[in-house]
Amino acid sequence: MRRRTSLLPAALLTVATGCGLTSGSPMTDDVTPGTIGRGEPLRGAHLTVTSKEFTEQLILGAIMGIAFQAAGADVVDRTGIQGSIGSREAVKKGDADAQFEYTGTGWITYLGNSRPIPDPRKQWEAVREADRKNGLTWLPPSKLDNTYALAMNQANSRKYPTRTLSEVAALSRKDPGAVTLCVEGEFANRADGLPGMEKAYGMSVPAKNITQMDTGIIYTQVAKGSCTYGEVFTTDGRIKSMNLVVMADDKKFFPSYNATPVVNSAVLKKWPAIAGVIEPVTRKLDNAVAQTLNAKVDVDGQDPHQVALDWMKQEGFVK
């Protein structure tokens with residue numbers, strides 16, 4: 001299941017959403033304003049933050065809640081809702097007030113577009129404009145782009161010194177046996193996955209050179225060198241912990257999935273300071289930060305909320 005766009009069967013959606021929303025509890029972090037939240041512009045606000053259930057989302061949801069607390073708000077934690085739709089619907093309906101969402105997910109999964117917009121800024125602008133009618137406001141995006149990529153281990157990187165997907169394509173034409181792929185079943189069949197990538201880059205990898213497997217196994221197999229290249233998510237902490245080399249998408253084929261604060265428009269109208277509180281935090285988020293924070297959870301076994309709190313204090317956003 002693709003982490004950013006996981007969809008629940010309709011029969012399960014209400015149950016999953018309900019479970020997520022009834023399990024909320026107050027955030028009780030002992031934080032005060034640092035570089036954000038000075039003057040406590042959200043004092044008197046009662047805000048609920050939500051997120052999806054995977055590591056990066058749990059961290060981002062905690063980061064948002066901690067920022068709001070530092071600005072004086074009382075915050076309820078309703079992070080960890082299964083599937084993409086549950087958390088989005090909570091914000092739309094006012095059961096939650098804000099979350100971090102991904103631009104590509106908004107554009108393709110929620111708004112029903114089949115073609116991504118290559119320019120990340122224009123992609124965000126298009127989502128922002130289209131979602132206004134749904135009562136949602138997309139604030140300025142981060143540089144954190146949780147999209148697809150191909151990666152290889154250090155030994156294979158020395159053997160086949162490719163750095164871009166164009167170079168991988170050239171290698172596949174020059175030495176077809178050199179390019180072996182470990183990929184998810186979904187990536188192997190999606191238009192914005194392997195088939196589209198091959199078409200965009202003029203690459204044709206023989207079926208015998210492609211092995212389909214679960215996401216987590218891909219990382220270990222690439223690290224072992226069982227396949228030359230593996231499908232990865234660009235912000236996954238295992239990229240850094242396993243010292244993998246990520247190929248640049250030099251033709252900008254893969255959609256942009258920039259993490260962006262999304263707020264219920266009515267709530268933002270009532271508490272416009274939300275935008276100013278979260279903006280400096282969003283601006284600091286990029287793929288390197290995400291990989292480091294995600295690894296603390298997925299590799300080191302730390303608690304996502306504590307990882308978020310430590311980072312917010314380390315950056316001086318809160319005290």
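What percentage of the contacts in the chain between residues at least 6 apart in sequence join residues at least 24 apart? I looked this up before anything else, keeping in mind that the model is predicted, and found that 80% of those contacts join residues at least 24 apart.

**Entry on the whole chain**

I then turned to the overall make-up, and I noted 15 helices and eleven strands in the chain. Along the principal axes, the C-alpha atoms fill a box of roughly 65 × 40 × 35 Å. I checked the radius of gyration as well: the chain has 20 Å, which agrees with the value near 20 Å that a compact globule of 319 residues would have. Of the 319 residues in the chain, I recorded 54% as buried.

**Entry on helix 2 and helix 13**

Two packed helices are described by the angle between their axes and the distance between the axes. I looked up both values for helix 2, residues 55-70, and helix 13, residues 273-284, and found an angle of about 130° with the axes 10 Å apart. That angle makes helix 2 oblique to helix 13, and I noted that their crossing is right-handed. On the side of helix 2 the contact is made by Ile63, Met64, Ala67 and Phe68, while helix 13 brings Ile274, Val277, Ile278 and Val281. By class, I wrote down eight nonpolar residues for this contact, with no polar and no charged ones.

**Entry on helix 4 and helix 5**

I next followed helix 4, residues 103-110, to the place where its axis comes within 9 Å of the axis of helix 5, residues 120-131, and there the two axes cross at roughly 55°. The two helices are therefore oblique to each other, and helix 4 passes helix 5 in a left-handed crossing. Which residues meet here? I found Thr103, Gly106 and Trp107 in helix 4 meeting Gln123, Trp124, Ala126 and Val127 in helix 5. By class, this contact has four nonpolar and three polar residues, and no charged ones.

**Entry on threonine 164**

Is threonine 164 buried or exposed? I noted a relative accessible area of 18% for threonine 164, and since buried means under 20%, this residue is buried. Leaving aside residues up to four places away in sequence, I found that threonine 164 touches Met247, Ala248 and Asp250.

Notes:
Residues are numbered from 1 along each chain as its sequence is written. This is a predicted model: local features need pLDDT of at least 70, side-chain atom pairs count only at pLDDT 80 or more; totals for chains, interfaces and linings use all residues. Side-chain values use heavy atoms; hydrogens and water are left out. Axes are lines fitted to C-alpha atoms, for helices over the stretch in contact, and angles run from 0 to 180 degrees between N-to-C directions. Helices (H or I, at least four residues) and strands (E, at least two) are DSSP runs, numbered from the N terminus. Angles under 35 degrees count as roughly parallel, over 145 as roughly antiparallel, 65 to 115 as roughly perpendicular and the rest as oblique. A crossing is left-handed if the near helix is turned anticlockwise from the far one by less than a right angle, and right-handed if clockwise. Contact means heavy atoms within 4.5 Å. Ala, Val, Leu, Ile, Met, Phe, Trp, Tyr, Cys and Pro count as nonpolar, Asp, Glu, Lys and Arg as charged, and the others, Gly among them, as polar. The radius of gyration is taken over C-alpha atoms; the globule rule is 2.2 Å times the number of residues to the power 0.38. Buried means under 20% relative accessible area, exposed over 50%, partly exposed in between (1.4 Å probe, protein chains only).
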